[in-house]
Amino acid sequence: MKIVVIPGDGIGPETMATTVDVLEAASKRFNLNLDLQHDIAGHESLKRNGATVTPELLEKVRAADGLMLGPMATYDFKDEAKGEVNPSKFFRKSLDLYANIRPARTYPGMPARLGEFDLVVVRENTEGFYADRNVESGGSEMLITPDVVISLRRITRLCCERIARSAFELAMTRKKHVTIVHKANVLKIADGMFIDICHQVGKEFPEVTIDDFIVDAMMAHVVRAPQRFDVIVTTNMFGDILSDLTAELSGSLGLGGSLNAGTDHAMGQAAHGSAPDIAGQNIANPFSLILSAAMLLGWYGQRKGQQAFNDAAAAIFDVVADAIAAGEATRDVGGKLGTKETGEAVVRRLAAG
Ligand SMILES: NC(=O)c1ccc[n+]([C@@H]2O[C@H](COP(=O)([O-])OP(=O)(O)OC[C@H]3O[C@@H](n4cnc5c(N)ncnc54)[C@H](O)[C@@H]3O)[C@@H](O)[C@H]2O)c1
Ligand SMILES: CC(C)[C@H](C(=O)O)[C@@H](O)C(=O)O
């Protein structure tokens, strides 16, 4: 399996170095023959190549079997015309990675303030309330006068259908429950369509039960009783916000692994950002990126019918859980280790089998 590896900004180089060590250890133990191709994007690429992502990089990623993308300091990127493209958006759109799968679960050995839970946010990843993602409609933020801006939100039948199908298929492998999160009381046409389509797709999965919540009330429900949820399907920005919440409720944003998946490509990427407040201090939690890497291996294993990749993914999930239970973790999840030392502990456990 060929994986392009891009460290990103802020804590990215630290957490990606650790993740690469884990991938190499998994490759050795499970004979995966991983071919890791290191490259750059974001600030590093802007400095060296005059653009945060280059056309050559896109071709390289297209030709590979997967991409590991580190966090990007996207706030700094103001002008696409000057090469300042948000790499997350760029790969999600260019490779049509329409499903952003963001699991959140508690782990034995860590205090679960809200009780144990295990859920997955399935976030639509290619449209919605994102100015830079609606290029097909000519962008979606308009300066009408110096004092008035209009931001548009694009929702399409195709994207609703495919994200709903991803959620129901995932639910069939879990507790067979899907929760639809929306704002149809206000966005009556767009989110009305989203709910209708989710229910229509749900008819293909009669074993899966369905409920729905308005996004604001959902914040209360998920904090009150996260264990009532299994798979949560929602539109892009609601999913972005909700998945940070669920990751933090599970113990830390630093546990927020995620996979951006399309039909032919996938990208492992932590749910959080570049965390400039803790960058360069060897204290960032690498588990989010390590779990994302495991999700990428699992995606490839399922797609290619190659059991060794599924086994490697399962082993990484187990080893992370064991490391947390043993306190071999960073301080945000109750441990005392640094980023590097946490990675070394994971590698040791993985190699020991
Ligand atoms: N996928 C991405 O590349 C992505 C996602 C979100 C934000 N961003 C960008 O990242 C930059 C910083 O954003 P922000 O500070 O608002 O959000 P952030 O997600 O980087 O950080 C939020 C908080 O969580 C903590 N945190 C994040 N990851 C952690 C980890 N692995 N271990 C321990 N603590 C962790 C940070 O220290 C901070 O206190 C911005 O430019 C933003 O646009 C990028
Ligand atoms: C940085 C930002 C543009 C990005 C998004 O909203 O898609 C981020 O929040 C994420 O979840 O990857």
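At what angle do helix H7 (residues 215–224) and helix H8 (residues 236–249) pack, and how far apart are their axes? The close-ups below start with that pair. This is a predicted model, where local features need pLDDT of at least 70, side-chain atom pairs count only at pLDDT 80 or more, and totals for chains, interfaces and linings use all residues. Residues are numbered from 1 along each chain as its sequence is written, chains are lettered from A and ligands numbered from 1 in the order in which they are written, and side-chain values use heavy atoms, with hydrogens and water left out.

**View 1. H7 alongside H8.** The angle is about 10° and the axes sit 11 Å apart (axes are lines fitted to C-alpha atoms, for helices over the stretch in contact, and angles run from 0 to 180 degrees between N-to-C directions; helices are DSSP runs of H or I, at least four residues, numbered from the N terminus). On the H7 side, look for Val 215, Met 218, Met 219, Val 222 and Val 223; H8 brings Phe 238, Leu 242, Leu 245, Thr 246 and Leu 249 to the contact (heavy atoms within 4.5 Å). That's nine nonpolar residues, one polar and no charged (Ala, Val, Leu, Ile, Met, Phe, Trp, Tyr, Cys and Pro count as nonpolar, Asp, Glu, Lys and Arg as charged, and the others, Gly among them, as polar).

**View 2. H1 next to H11.** Helix H1 (residues 12–30) packs on helix H11 (residues 339–352) at about 10°, with the axes 9 Å apart. So this pair, H1 and H11, is roughly parallel. Among the contact residues are Glu 14, Asp 21 and Arg 29 of H1, and Lys 340 of H11. By class, the contact of H1 with H11 has six nonpolar, four polar and four charged residues.

**View 3. H9 against H10.** The axes of helix H9 (residues 287–304) and helix H10 (residues 307–325) come within 7 Å and cross at roughly 160°. That makes H9 roughly antiparallel to H10. The contact includes Phe 287, Gly 298 and Gly 301 of H9, plus Phe 309, Asn 310 and Phe 317 of H10. Its residues divide into 15 nonpolar, four polar and no charged.

**View 4. Around ligand 1.** Here 22 residues surround ligand 1, and the closest are Thr 74, Tyr 75, Gly 273, Ala 275 and Asp 277 (a heavy atom within 4 Å). Oxygen atoms of the ligand lie 2.5 Å from a polar side-chain atom of Thr 74, 2.7 Å from a backbone N or O atom of Ala 275 and 2.8 Å from a polar side-chain atom of Asp 277.

Technical notes:
Helix = DSSP H or I, 4+ residues; strand = E, 2+ residues; numbered from the N terminus. Parallel < 35°, antiparallel > 145°, perpendicular 65-115°, else oblique. Polar contact = N/O pair within 3.5 Å; in protein donor to acceptor, adjacent residues only side chain to side chain.
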